Amino acid sequence: MPPMSQPAPSRRGAGHYYGHEYIARLCTRFITHLFACPEYPPSSTLQLQARLPQFIAYTLHRTNLHPSVTCTSLILLQRLKNRFPTAQGSSGQRLFISAFMVASKVIYDDTYSNESWTFVAQKLFTLREINQMEREMCNYLDWDLTVDNSTLSCFEDTLKQDFGSSRGPYPSYFSQVVSKRMVEVASSATAAVSLGQHHASPVAFAESSRHKWVFSYLNPSSLLLDAASPN
């Protein structure tokens, strides 16, 4: 996939973005739109670098991974929102670093250790938290983690068009945009209804039950999501 185009960073505050201001702000708009996250983490003692746009920019700078990892991480977050439509997050930093870390492991055979990710995340999270956040992300997504090239390319073009500007309002994407598996499940459920059944197909029911189990199992101590219910 060709790299995301990045306009030259503005001189004002450019030192905090490491040449990634455009992408960092785009990601921030996307994440805060999805999960109603504040730009600052819950703690009030953190430095300016921990503000979400600078946090994302530093992550991109420190890891120096292909832009497809960034785009894939946003697709994973969109899948997360599609699975849990009412979900909100108190920390965009947690959501981004978790999705970015998982995306890098899906795309690269040899990537950073979880201990290294604590440094990428500027020590905002302990190794134990990083481990838990990774587990939660994978389980919330029911391990629907891969993204094909056509979905990646289409999503990137749509993302830049919809979130490239600071002017809203911003749209909400449906599962058809980001997950073939979710489309198949939805199609199975629709087919069951059209046949006059009063319940979802076995596949759809199994998917729904699994989502409810995963969320109820992790939610009491979840680091990623606030209270929500699966779709």
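**Group meeting: helix packing and aromatic pairs**

Let me start with a cluster. Phe 30, Phe 155, Phe 163, Tyr 170 and Tyr 173 form one aromatic cluster. Rings of Phe, Tyr and Trp (its six-membered ring) pair if their centres lie within 6.5 Å; planes under 30 degrees apart are stacked, over 60 edge-to-face, and the rest tilted.

Before I go on, the ground rules. This is a predicted model: local features need pLDDT of at least 70, side-chain atom pairs count only at pLDDT 80 or more, and totals for chains, interfaces and linings use all residues. Residues are numbered from 1 along each chain as its sequence is written, and side-chain values use heavy atoms, with hydrogens and water left out.

Now the overall picture. The protein chain has 10 helices and zero strands. Helices (H or I, at least four residues) and strands (E, at least two) are DSSP runs, numbered from the N terminus. Of the 231 residues of the chain, 48% count as buried. Buried means under 20% relative accessible area, exposed over 50%, and partly exposed in between (1.4 Å probe, protein chains only). Take contacts between residues at least 6 apart in sequence: 75% of them join residues at least 24 apart. Contact means heavy atoms within 4.5 Å.

Next, helix packing. How do H1 and H2 pack? Helix H1, residues 21–35, and helix H2, residues 52–63, pack at an angle of about 125°, with axes 8 Å apart. Axes are lines fitted to C-alpha atoms, for helices over the stretch in contact; angles run from 0 to 180 degrees between N-to-C directions. H1 and H2 are therefore oblique to each other. The cut-offs: under 35 degrees is roughly parallel, over 145 roughly antiparallel, 65 to 115 roughly perpendicular, and the rest oblique.

Who meets whom? On the H1 side, Ile 23, Ala 24, Cys 27, Thr 28, Ile 31 and Thr 32. On the H2 side, Leu 52, Pro 53, Ile 56, Ala 57 and Leu 60. By class, this contact of H1 with H2 has nine nonpolar, two polar and no charged residues. Ala, Val, Leu, Ile, Met, Phe, Trp, Tyr, Cys and Pro count as nonpolar, Asp, Glu, Lys and Arg as charged, and the others, Gly among them, as polar.

The axes of H3, residues 67–83, and H7, residues 149–163, come within 10 Å and cross at roughly 85°. H3 and H7 are therefore roughly perpendicular to each other. H3 brings Ser 68, Cys 71, Thr 72, Leu 74 and Ile 75; H7 brings Thr 151, Leu 152, Phe 155, Glu 156 and Leu 159. The classes in the contact of H3 with H7 are six nonpolar, three polar and one charged.

Back to rings. A search of the whole structure finds 11 aromatic pairs. Tyr 18 and Tyr 58 form an edge-to-face pair, 5.8 Å centre to centre, with 65° between the planes. Tyr 18 sits in the segment before H1, and Tyr 58 in helix H2, 40 residues apart. Are these two buried or partly exposed? Tyr 18, at 32% relative accessibility, is partly exposed. Tyr 58, at 15%, is buried.

Last, the loop between H1 and H2. Pro 38 lies there. Pro 38 is partly exposed, with a relative accessible area of 38%. Its C-alpha atom is separated by 6.8 Å from that of Ser 90, 52 residues apart along the chain. Not counting residues up to four places away in sequence, Pro 38 touches Gly 89, Ser 90 and Gly 92.
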